[in-house]
Amino acid sequence: MSTTTLSQDELKKMVGYKAVDDYVKSGMVVGLGTGSTAYFAVERVGQLLKSGELKDVICIPTSIRTKEQAESLDIPLVTLDTHSKLDVAIDGADEVDPGLNLVKGGGGALLREKMVEVCADKFIVIVDESKLVSGLGPGFPIPVEITPFCHEHTMRTVGALPSCAGLCKPILRMGSSTNNKIDGDNIAVTDNGNYIVDLHFDSPIKDPVKMATEIKNVVGVVDHGLFCGMTTAVIIAGKDGISVKMPQ
């Protein structure tokens, strides 16, 4: 089926619905992602629960806004405190490289997303083909969630890491935490009360796994938007239809 005449939102809806139809079954514990593509997966779970096609599904949201959307659709919600094992999590991504490593966190929910998605037996990523890149970094800044305490020190420390020094420009996120555009005068604050530093790269990151480890080891860093080795499948909407990529 050709999708050449569909809008970006229609493509997002196609992959969001397909992920739920293919991977969510009755009785499952499901992680609900955050963002404009994950929105449609949440919508589909609500539809199928309301119609009775899905039963006994409980979900864990990855942000306050996903929680609010799920509640508006009467989706039963729990947290990791009571359910540490998930059957599947479905979420979008800001970039996907050929090894299916991801950049996430453009919407500011990277910590909760990673906490939930790392607990899932299957992590299904839903994107349109514009998110596929040959290398992570230049097309989308890497978000790093940091503690407010001495945040300028933590920014400098991250910027001086071997994977980052001379290669990226750390910029503190301002205004809304839900995008990486400067849209306010105050420092952006996440759902967890933290700040976000966006690392702007001019060239592709040579070793995302190494960089992920270096950043996570910095005291003052809570987590980062590199999701490496977590992906079960990527469902992609493109001009030639829907395709699915699995790790090699």
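The largest nonpolar core has 26 residues, and Val24, Val30, Val88, Ile90 and Ile124 are the ones that touch the most other members. A nonpolar core here is a set of buried Ala, Val, Leu, Ile, Met, Phe, Trp, Tyr and Cys residues joined through side-chain atoms within 4.5 Å; buried means under 20% relative accessible area, exposed over 50%, and partly exposed in between, with a 1.4 Å probe and protein chains only. Helix H1 (8–23), E1, helix H2 (38–51), E3, E6 and strand E12 (233–238) each put in at least two residues of this core. There's also a second, separate core of 24 residues, which includes Val158, Ile205, Met211 and Val221. In soluble globular proteins, nonpolar side chains tend to be buried together.

Keep in mind that this is a predicted model: local features need pLDDT of at least 70, side-chain atom pairs count only at pLDDT 80 or more, and totals for chains, interfaces and linings use all residues. Residues are numbered from 1 along each chain as its sequence is written, and side-chain values use heavy atoms, with hydrogens and water left out.

Now find the open sheet of six strands, in the order E2-E1-E3-E6-E12-E13 and with mixed pairing. Strand E2 (58–61) and strand E13 (241–245) sit at the edges with a single partner strand each, so one side of each has no neighbour in the sheet. Helices (H or I, at least four residues) and strands (E, at least two) are DSSP runs numbered from the N terminus, and two strands pair if DSSP finds at least two bridges between them. E1 (residues 29–32) and E2 run parallel, joined by four bridges; glycine 31 has isoleucine 60 as its bridge partner in E2.

Helix H4 (residues 110–117) lies across E1, E2, strand E3 (86–91) and strand E6 (120–128), where contact means heavy atoms within 4.5 Å.

Next, look at threonine 62, in the loop between E2 and helix H3 (64–72). Threonine 62 is buried, at a relative accessible area of 1%. A polar atom of its side chain lies 2.8 Å from the backbone oxygen of leucine 32. Not counting residues up to four places away in sequence, threonine 62 touches several residues, including Ala109, Arg112 and Val116.

Finally, valine 118 lies in the loop between H4 and E6 and counts as exposed, at 55% relative accessibility. Its C-alpha atom is separated by 9.1 Å from that of leucine 86, 32 residues apart along the chain.

How values were computed. Axes fitted to C-alpha atoms, helices over the stretch in contact; angles between N-to-C directions. Polar contact = N/O pair within 3.5 Å; in protein donor to acceptor, adjacent residues only side chain to side chain.
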